[in-house]
Amino acid sequence: MSPSPDAIAEAARLLRAGRLVALPTETVYGLAGDATDDRAVAAIFAAKGRPRFNPLIVHYADTTDARRDAVFGGTAETLARRFWPGPLTLVLPRAPNGRVSLLACAGLDTVAVRIPDHAVARAVIVAVGRPLAAPSANPSGAVSPTSATHVAESLGAHVSLILDGGPCRVGVESTVLDLSGPRPAILRPGGLTREEIEAAIGPVAEDTGVDGAPRSPGRTLRHYATRLPLRLGALDGRADEALLAFGPRVPPGARTTLNLSETGDVIEAAANLFAMLRALDRTGEYAGIAVMPVPEHGLGRAVNDRLRRAAERS
Ligand code: TXA
Ligand code: MG
């Protein structure tokens, strides 16, 4: 549904009644529910088939509202001022009298908060008057949706309303930064680059967690799964594979090719990634998808993270 003022009011009415609404953000589409309502949060886990130990991101219209549910230290305040609204999620200690459902946080003493840089998402949050829990609007483990059509194809039966805001500008999920430990740590590379974060607050750690166990519970899972297997780092084209290319020099040989960015721009590659993976995955007649190398800098880190997880076969 086009996000007219009437549609936004209807979305808010549904959300206040505990129903689920899919809405656009600048990163990917979210499956939103009232973050203060255990039943709505349970419905999100059920709709996605998501394990209950994997906590959800809670979305706010502004930092003042987020401070009611999470404890902001100096670093969090700096980052919020610098990068919100935008594709950055902060993992912070839960505030003592916070409103967020414990289920949304999977029982942890932290809460993941973000302010999306999308007029429709923020208009809905304001109209609801409550924070919204919103994971990516895809079945658990599948490729994230960057258009309303993607949502309708995979989760249509589980949502009361899909607000169509067109294709997502960033195309990969937010960067998840944990500020609850002794040092800031990136738990998930995403739409805000490590370079930008480090320019604002200095060096940040990788997610090594305890004994190598990732601290972001969702990160242990195979994710972004395509039906076809992926062959990463491909430098040649083969007739039995679809080719996901990157840059101006595309090897010959493949019969179907989509190019993440003909100019070799990692930002453009991130915006195209999920839609192109979906499109190649449904060509049907191939044994796999060959993916050309994408440089490991800026948004390329998030792109490569998603590709590595999609390539994981279990
Ligand atoms: O861009 C995005 O972040 C999108 C849009 C809709 O906002 N949302 C999204 O949510 O990607 P989801 O649920 O697909 O991914 C949330 C990630 C998971 O890896 C989860 O484990 C982590 O954030 N997370 C959430 N709460 C956490 C917490 N308290 N501590 C550690 N990790 C947390
Ligand atoms: Mg997701």
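This report looks at one strand and the aromatic pairs of a predicted model.

## About the model

Local features need pLDDT of at least 70 and side-chain atom pairs pLDDT 80 or more, while totals for chains, interfaces and linings use all residues. Residues are numbered from 1 along each chain as its sequence is written, and side-chain values use heavy atoms, without hydrogens and water.

## A strand with both faces covered

In β5, 5 of the 5 residues are buried, so the strand is largely enclosed by the rest of the structure. Buried means under 20% relative accessible area, with a 1.4 Å probe and protein chains only. In a regular strand, side chains alternate between the two faces of the sheet. Here T110, A112 and R114 are buried on one side, and V111 and V113 on the other.

Which strands pair with β5? Strand β3 (residues 57-59) runs parallel to β5, joined by 3 bridges, and I57 has A112 as its bridge partner. Strand β4 (residues 88-93) runs antiparallel, with 4 bridges; there L90 partners V113. Pairing takes at least two DSSP bridges.

## Two aromatic pairs

The structure holds 2 aromatic pairs (ring centres of Phe, Tyr or Trp, the last by its six-membered ring, within 6.5 Å; planes under 30 degrees apart are stacked, over 60 edge-to-face, the rest tilted). F72 and W84 are edge-to-face, at 5.9 Å and 70°. Both F72 and W84 are buried.

The ring centres of Y224 and F274 are 5.5 Å apart with planes at 10°, so this pair is stacked.

Note on methods. Chains lettered and ligands numbered in written order. Buried < 20%, exposed > 50% of the residue type's maximum accessible area, 1.4 Å probe, protein only. Helix = DSSP H or I, 4+ residues; strand = E, 2+ residues; numbered from the N terminus.
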